[in-house]
Amino acid sequence: MTENSTLLLDLTAATMVESPNPYGLIEDAAIAVVDGMIAWVGPRVDLPASFESLPRNSLGGRLVTPGLIDCHTHIVHGGDRAVEFEMRLNGASYEEVARAGGGIVSTVKATRAATEDELLTQALRRVDVLIAEGVTSIEVKSGYGLDIETELRMLRVARAIMANRPIRVMTTFLGAHATPAEYAGRNDAYIDEVCIPALRAAHAEGLVDAVDGFCEGIAFQPDQIARVFDVARELGLPVKLHAEQLSNLGGARLAASYGALSADHIEYLDEDGVKAMAESGTVAVILPGAFYTLRETQAPPIDLLRKHGVPMALATDLNPGTSPLNSLLLTLNMGCTLFRMTPEEALRGATQHAARALGLTDTGTIAAGQRAELAVWDIRHPAELAYRIGFNPLHSRIFGGKS
């Protein structure tokens, strides 16, 4: 056994494993960690004798959950859009903001101008905030380069995060995020000449874990997304999709037809789309940060997702424009207050179901065979994680069996 082997005692475990108990809760639990993996979890009185010799770590009656997972972020980007935010609140129209160089164009410009070191330095500051909230895995998208060179640079930075911080990063190629100014009005040419070649280059360099797109009237049509997804399928990469955020173009049904890991945003999703996701096992990723920032009024169809058994994940959608939200704990509260998700649904959305949205099978619950990626909280009941606003009760984080 190694230094990342330990016996965690004096704790309550919210395992998030399906059980008769809400949250998969086990009172007076023990967790045996061997070589960075969970070897056993259960009531302390049932602990097998073979684990009694492990180095002991008393957690003082604290609550332990799986490490939190932020399954939808745009954490690597240059610049910010604070001035644009201020302009809108002072009455500027979208057109006026755009003429002043605002919108995604400003983020693309700043990202293209930044070096890998500059992008990494900025990203690590955002990552540190998430780590401090008990996050152990994140997804990071490209999509602010919109040229081959910068898309690859963003993905290299995303990979470099893991070399600089104790966190797992899943990378997503989002070349089909928007059309850059140099391809204005030529979406098909952009897909063929930039997006697909960039995807192939990123895959050849080992930079891509999944492929995403933005299926919306202001972005790309379903047939254009399908061409990108066909290449993803050829390369053996799973897909996901920004779908039904502002209108219903049938993006979620398209994603489901490709067996997508997730369909994200989905405020305008209809029941046919929900059924398609249920049949394909596609996770619904709920993003209250963008809903809040854009002051939207069309909420995602939470009741329909429940009715058809579609798993719901929650994520920050951390980005400089529509969701400058750097707190997954606040996201849990927003999922409950804005969309009436229950605290248990919210926590599952940032653990078990978030892992599924990333295609991860070795994290997201506290169970034998899972990685020892845990969050230890100074609270007694897991509902407190979604209940408080602007309060971080994290005591410690365990990653790879190490605090």
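**Exercise 1. Find where H72 sits, and decide whether H72 is buried or exposed.**

Step 1: H72 lies in the loop between β5 (68-70) and α1 (82-89); helices (H or I, at least four residues) and strands (E, at least two) are DSSP runs, numbered from the N terminus. This is a predicted model, where local features need pLDDT of at least 70, side-chain atom pairs count only at pLDDT 80 or more, and totals for chains, interfaces and linings use all residues. Residues are numbered from 1 along each chain as its sequence is written, and side-chain values use heavy atoms, with hydrogens and water left out.

Step 2: H72 has 0% relative accessibility and so counts as buried (under 20% relative accessible area; exposed is over 50%, partly exposed in between; 1.4 Å probe, protein chains only).

Step 3: Beyond its neighbours within four places in sequence, H72 has contacts (heavy atoms within 4.5 Å) that include H242 and D317.

**Exercise 2. Work out the setting of D317.**

Step 1: Look in the loop between β12 (312-314) and α12 (328-339) to find D317.

Step 2: The relative accessible area of D317 is 2%, so D317 is buried.

**Exercise 3. Which residues does UniProt list for "binding site"?**

Step 1: The unreviewed entry lists H72, H74, H242 and D317; such annotations may be inferred rather than shown by experiment.

Step 2: They spread over 246 residues of sequence yet cluster in space, with a largest C-alpha distance of 12.4 Å.
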